[in-house]
Amino acid sequence: MNQFLDPLAWLILLPLLWATLAFVAGDRVGPRLAIAGLVAQLLCALLLAQDVARHDSIGHLAGGWVEPLGIRLFADGLSAVMLLLTQGVALALVIYARSYFSKATPPAFWPLTGFLIAGMNALFLSGDLFNLYVTLELVGLAAVGLVAAGGGAAQIAAALRYLLATLVGSGAYLFGVALIYGSYGTVSASLLGDLITAEAPLAVWLAAGLILTGLLLKTALFPLHFWLPPAHGGAPAPVSALLSALVVKASFYLFLRLWLGPFATLAEVQPLLAQLPAALGAAAILWGSWQAIRADRLKVLIAYSTVAQIGYLFLIFPLLGSGALALQAGMLQATAHGLAKAAMFIAAGTLIKVSGSERVLGVAGAAAHLPVTLFAFALAGVSLMGLPPSGGFLAKWLLIDAALAQGQPWIAGVAIAGGLLAGIYVFRVLRLAFRVTAAGDDETPPPRPAALLEWSAFLLAAASILLGLFAMPLINLLAGVAR
Amino acid sequence: MTPGLIYAVTGCLLFVLGLGGVLLLKALLRRILAFNLMGSGAFLVLVGLAQRDGTPDPVPQAMVLTGIVVAVAATALALTLARRWHALTGREDIARVGDAGSRKRGRQSERRNTPR
């Protein structure tokens, strides 16, 4: 294919371009640039998915330079799914953010969003460990900037805590990469897959441990989730949605990709190792749900729900050995949660904006004056609980199916328990929303929010439900992932 | 012991020192410096381990240069945030709040955050 029209390169260039332009042009033009750029990126991602469906995996040498000094971009089914999710969710979120920030935009919101998306796209398209480190840092720094954009003391503290956590995570990752390069003289993920054998030296085991632990810290898997609730719960709603729906998935994607690729042999030598992420995932589901049930503030409730839903992503690791079911379950869960959580956070943002209260109690009576937003919240909740026909249901169904087929019923049990617990915290909000407020002292109904605020949330939530009915293209994309 | 190995072992020590600093120290400025120590450790290992046969390898050197740029950017961001935090609250450390979500702990952290 023509070097200049390759969607791989444009998926990284476009967001860099519009982010830089938005920085120069200011907040008036920023949203228009972002929306135009993301529409083009979505097209690129669709073209790329079409290509991947035909060839299983595609590559691109940036600038025509060969490895090891040049950078080889690479995409397969896993990257295509993540790219589609990222562009789709981000497009809906920037449309929401444009209305949400109609009065005052936090400083540098549009450029930071662009850099964040560029970093994530580059992460999904990179094939070597060092390049992945750079993209991880790009994503981390842009995300920290967005958390701090609120400007209050609580947000700055959350951003600092998040920054230190993410820097320790990528520091551990970089140290692991240094050990790997010292042992094998290459950082290409595909070459390392063949080089790392069962007799790997201790340094490689140490490297794998450091890299994967660093990624767990960035993904906020229990008990390394301490930084997530203040950061995601304290940021402005569009930022919370970006972080919860997409950013934590980026480091999960990398964990999965390394587990299936370079470190696959190590995982086979010690099958018990795979139980560790699953056990932590189970603990995350129980602890996160419990904290969500007890949370006082609406956005903190949703942030803890993210902690719980991340747990599901890690339940798949003991099941990855045989059959494609577990991988499909994991990627469907990542996609369904991405769509549903983005919808839930922005719906909560609208609820908070209208009611003026950040507490869960603030939603009381919202059903009467914000029906569309509340419907979006409920639909997203349906997907999180895993009720049919949502995408969340399909993901959990595949997971339970794989767990029972491979004789690990405890995983199925945790998945079902997590769904019930999700039901409790979702209905806690819905029950309040349908409560009839005292009509007498309620003189004027609160002003209606802009239609775009309500309908963008609804669109995302509806997509997370429809995913359950139209998941076949996504599953077909994953069929070609090398294992 | 070859020079390369000495660099690598020193790098390991620096990394562990830095990691301990980021996790255990209180003052923000010290934690930011400790993070830089961590990074320097990783860079030393990267350059040290790669020159086992005496001839330096250009690839890790290019990586370390990139890594330094990233570390400078991260440090700048951390310092900006720390200064802002100091300007807003007059404090030089952030309280270690485990879970800011629940009611009880939230109130505790509020109490801890009041300037003395």
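In the predicted model, helix 1 of chain A and helix 4 of chain A are roughly antiparallel to each other, because their axes cross at roughly 165 degrees, and an angle over 145 degrees counts as roughly antiparallel. The axes of helix 1, which spans residues 7–25 of chain A, and of helix 4 of chain A come within 8 Å, and the crossing of these two helices is left-handed. On the side of helix 1 of chain A, the contact is made by A:Leu8, A:Leu11, A:Ile12, A:Pro15, A:Leu16, A:Trp18, A:Ala19, A:Ala22 and A:Phe23, while helix 4 of chain A contributes A:Trp110, A:Pro111, A:Gly114, A:Phe115, A:Ile117, A:Ala118, A:Asn121, A:Ala122 and A:Leu125. By class, the residues of this contact between helix 1 and helix 4 of chain A comprise 16 nonpolar and 2 polar residues, with no charged residues.

Helix 4 of chain A (residues 109–125) also packs against helix 5 of chain A (residues 129–148), the two axes coming within 8 Å and crossing at roughly 155 degrees. This angle makes helix 4 of chain A roughly antiparallel to helix 5 of chain A, and the crossing of the two is left-handed. From helix 4 of chain A, the residues in contact are A:Leu112, A:Phe115, A:Leu116, A:Gly119, A:Met120, A:Ala122 and A:Leu123, and they meet residues of helix 5 of chain A that include A:Leu132, A:Thr135, A:Leu136, A:Val139, A:Ala143 and A:Leu146. The residues of the contact of helix 4 with helix 5 of chain A divide into 13 nonpolar and 3 polar, and none is charged.

Between the chains, 40 residues of chain B are in contact with 36 residues of chain A. The side of chain B that touches chain A draws at least two residues from each of helix 1, helix 2, helix 3 (58–89) and helix 4 (103–113) of chain B, and helix 3 of chain B gives the most, with 17 residues. By class, this side of chain B has 28 nonpolar, 8 polar and 4 charged residues.

Within chain B, B:Ala27 is found in the loop between helix 1 (3–24) and helix 2 (28–50). This residue, B:Ala27, is partly exposed, with 13 other C-beta atoms within 10 Å. When neighbours within four places in sequence are left aside, B:Ala27 is in contact with B:Glu92 and B:Asp93.

Technical notes:
Residues are numbered from 1 along each chain as its sequence is written. Chains are lettered from A and ligands numbered from 1 in the order in which they are written. This is a predicted model: local features need pLDDT of at least 70, side-chain atom pairs count only at pLDDT 80 or more; totals for chains, interfaces and linings use all residues. Axes are lines fitted to C-alpha atoms, for helices over the stretch in contact, and angles run from 0 to 180 degrees between N-to-C directions. Helices (H or I, at least four residues) and strands (E, at least two) are DSSP runs, numbered from the N terminus. Angles under 35 degrees count as roughly parallel, over 145 as roughly antiparallel, 65 to 115 as roughly perpendicular and the rest as oblique. A crossing is left-handed if the near helix is turned anticlockwise from the far one by less than a right angle, and right-handed if clockwise. Two residues are in contact if their C-beta atoms, placed from the backbone, lie within 7 Å. Ala, Val, Leu, Ile, Met, Phe, Trp, Tyr, Cys and Pro count as nonpolar, Asp, Glu, Lys and Arg as charged, and the others, Gly among them, as polar. A residue is buried if 20 or more other C-beta atoms lie within 10 Å of its own, exposed if 12 or fewer, and partly exposed in between; C-beta atoms are placed from the backbone.
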